[in-house]
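Hello,

Below is the structure I said I would pass on. Please look it over before reading my notes, which follow it.

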Amino acid sequence: MKRIFSGVQPTGNIHIGNYLGALIQFVELQDEKDSECLYCVVDEHAITVPQDPKELRQHILDVASLYMAVGIDPKKSIVFVQSSVPAHAELGWILNCCANTGELFRMTQFKAKSQGKESVGAGLLTYPVLMAADILLYDVDVVPVGNDQKQHIELTRDLAIRVNSHYGKDTFVVPDGRFLKAGARIMALDDPTAKMSKSAKNEHSRISLLDPPSKIKKSIMRATTDSEGSVRFDIENKPGISNLMNIYSAFTGKTVQELEDEYAGRGYGDFKKDLVEVTVSALSPIQERYNAIRNSDGLIDVLREGGERADAIAKKTLKRVQDRFGLGL
Ligand code: TYM
């Protein structure tokens with residue numbers, strides 16, 4: 001049996017980067033034989049930066065509904081909210097005592113988020129340790145994520161190996177990250193040198209999963225490309241069109257080579273128009289399902305039940321770790 005775990009922050013604007021880098025893998029892995037998947041809405045990670053409490057509650061339900069709208073089936077996978085399992089925060093504390101501040105200050109996401117700020121919350125620094133706790137609590141083998149989480153997965157592995165060498169080699173399972181080829185790093189449409197992000201000011205920098213066709217069209221048609229005009233994959237010199245080709249490829253399964261052949265001698269206009277169609281037809285069934293699920297009565301029950309199932313697994317691991325560390329009675 002292979003255990004899979006991943007999580008998404010409930011911060012609104014879930015976009016095609018989240019989908020093509022992570023969510024699409026969640027569904028793929030759920031349907032693999034002998035896998036047990038846990039998919040978590042990581043609300044405790046969201047409060048590392050200030051959140052409006054009312055909005056946060058809504059975003060938790062939004063993300064849980066999106067999980068199911070993209071195809072995660074709560075009968076096959078455990079879908080739950082992080083804060084409903086107290087062991088995440090408890091193991092997070094234990095792991096904080098095993099992590100070094102130096103390695104946390106070196107995290108590129110911490111550097112980016114704290115840059116230029118006079119004072120930053122301690123949670124922003126220790127965020128990757130809580131992420132390690134999320135994963136290690138469930139004896140996870142595989143963590144499907146986008147490329148931007150690579151360093152955090154490395155830290156998780158380092159912490160697991162460190163604890164194992166001090167407290168016994170089977171204290172934690174050492175997990176592996178799982179990254180896709182085309183979707184692992186979707187870039188911003190207005191600036192293909194920056195990652196597509198939920199928080200960028202320009203709404204045309206991203207395509208959110210719930211965007212209507214008119215917005216999708218506008219964002220793609222005005223996406224930054226170059227003046228050469230040929231549909232050719234070259235990340236270094238043609239990052240804009242290469243990013244669009246990655247998106248096209250991730251949605252359709254066509255290789256970059258196939259796209260180059262298909263669009264040889266045709267301009268960016270044709271390519272973009274087709275990409276609009278590909279994107280709209282991939283997202284519209286997700287949007288339909290989302291609307292039905294988000295307004296259904298059963299949503300909270302699904303999350304409660306998922307929380308209970310996750311809690312039962314997490315409690316056992318936490319007890320094992322506490323015993324190894326000599327905590328409690
Ligand atoms: P979050 O909420 O920022 O993103 C959710 C998932 O989407 C991926 N992703 C992308 N993939 C491709 N291109 C992009 N532009 C892009 N932007 C985001 C992320 O890699 C992620 O897989 N720390 C995590 C949440 C987390 C977690 C965990 C993940 C907390 N605990 C345990 C896995 C396991 C985060 O902030 O993801």
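In these notes, buried means under 20% relative accessible area, exposed means over 50%, and partly exposed is in between (1.4 Å probe, protein chains only). This is a predicted model, in which local features need pLDDT of at least 70 and side-chain atom pairs count only at pLDDT 80 or more, while totals for chains, interfaces and linings use all residues. Residues are numbered from 1 along each chain as its sequence is written, and side-chain values use heavy atoms, with hydrogens and water left out.

Salt bridges

A salt bridge here is a side-chain nitrogen of Lys or Arg within 4 Å of a carboxyl oxygen of Asp or Glu. The whole structure has 20 of them.

R162 bonds in this way with E103, with 2.8 Å between the closest N and O atoms. Because R162 is in helix α8 and E103 in helix α5 (residues 101-105), this pair ties together parts that are 59 residues apart in sequence. Helices are DSSP runs of H or I with at least four residues, strands are runs of E with at least two, and both are numbered from the N terminus. R162 is partly exposed at 24% relative accessibility, and E103 is buried at 9%.

D170 and R324 form another salt bridge, at 3.1 Å from N to O. D170 sits in the loop between α8 and β5 (176-178) and R324 in helix α13, so the pair ties together parts that are 154 residues apart in sequence. D170 is exposed, at 51%; R324 is partly exposed, at 30%.

Within helix α13, D311 and K315 are four residues apart, about one turn of the helix. Their side chains meet in a salt bridge of 3.0 Å, N to O.

A network of salt bridges links D226, E228, R232, D234 and K238.

Strands β1 and β2

Strand β1 (residues 2-8) pairs with β2 in the parallel sense over seven bridges; pairing requires that DSSP finds at least two bridges between the strands. S6 stands opposite Y39 in β2. Of the seven residues in β2 (residues 35-41), six are buried.

Helix α8 again

A160 also lies in α8 (residues 150-167) and is buried, at 0% relative accessibility. Its C-alpha atom is 9.6 Å from that of C98, 62 residues apart along the chain.

Regards
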